[in-house]
Amino acid sequence: MPNYKRIYIPGAQYFFTVVTYNRQPILTNQTARELLREAILNVKDNHPFEINAICLLPDHLHCIWTLPPDDFDYSLRWRLLK
């Protein structure tokens, strides 16, 4: 198991890359993109964050988030999105 080093700083900007299961190109599907958008909006409603940039590719996405000044829990947000 990897030994990831994660840094948690309230209000910081974070860069993420998330890959689909087995790198399946599901993000080319319109329904999948709509569901991803809906999930992001639902998580943002309960756990605010700003999306500074996002790049959606067929089998993965890159994004930059800024969290609120008093919050550092990006792991919770990704867990809810997944």
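The structure is a predicted model, in which local features need pLDDT of at least 70 and side-chain atom pairs count only at pLDDT 80 or more, whereas totals for chains, interfaces and linings use all residues. Residues are numbered from 1 along each chain as its sequence is written, and side-chain values use heavy atoms, with hydrogens and water left out.

With helices (H or I, at least four residues) and strands (E, at least two) taken as DSSP runs numbered from the N terminus, the protein contains two helices and three strands, which follow one another from the N terminus in the order β-α-β-β-α. The C-alpha trace spans about 35 × 35 × 20 Å along its principal axes. Among contacts between residues at least 6 apart in sequence, 63% join residues at least 24 apart. When residues are classed by relative accessible area as buried (under 20%), exposed (over 50%) or partly exposed (in between), with a 1.4 Å probe and protein chains only, 27% of the 82 residues count as buried.

A nonpolar core is defined here as a set of buried Ala, Val, Leu, Ile, Met, Phe, Trp, Tyr and Cys residues joined through side-chain atoms within 4.5 Å. The largest such core has 13 residues, of which Phe16, Trp65 and Trp78 touch the most other members. Two or more residues of this core are given by each of β1 (13-19), α1 (30-46), β3 (60-66) and α2 (74-81). Leaving aside neighbours within four places in sequence, Phe16 is in contact with Leu61, His62, Cys63, Trp65, Tyr74 and Trp78. In α2, the residues Tyr74, Leu76, Arg77, Trp78 and Leu81 are buried, and what covers the buried residues of this helix includes β1, α1 and β3.

Rings of Phe, Tyr and Trp (its six-membered ring) were paired if their centres lie within 6.5 Å, with planes under 30 degrees apart counted as stacked, over 60 as edge-to-face and the rest as tilted. In one of them, the rings of Tyr8 and Phe72 have centres 5.7 Å apart and planes at 70°, so the pair is edge-to-face. Because Tyr8 lies in the segment before β1 and Phe72 in the loop between β3 and α2, this pair ties together parts that are 64 residues apart in sequence. Tyr8 is partly exposed at 36% relative accessibility, and Phe72 is likewise partly exposed, at 39%. Ring pairs link Tyr8, Tyr14, Phe16, Phe49, Trp65, Phe72, Tyr74 and Trp78 into a cluster.

The loops were also examined. Pro48, in the loop between α1 and β2 (50-56), is partly exposed, with a relative accessible area of 44%. Its C-alpha atom is separated by 7.2 Å from that of Leu67, 19 residues apart along the chain, and, not counting residues up to four places away in sequence, Pro48 touches Pro68 and Arg77. In the loop between β1 and α1, Asn22 has a positive phi of about 55° although it is not a glycine, and this residue is exposed, with a relative accessible area of 57%. Arg23, found in the loop between β1 and α1, has a positive phi near 55°, in a residue other than glycine, and is partly exposed, with a relative accessible area of 46%.

Terms used
Contact = heavy atoms within 4.5 Å.
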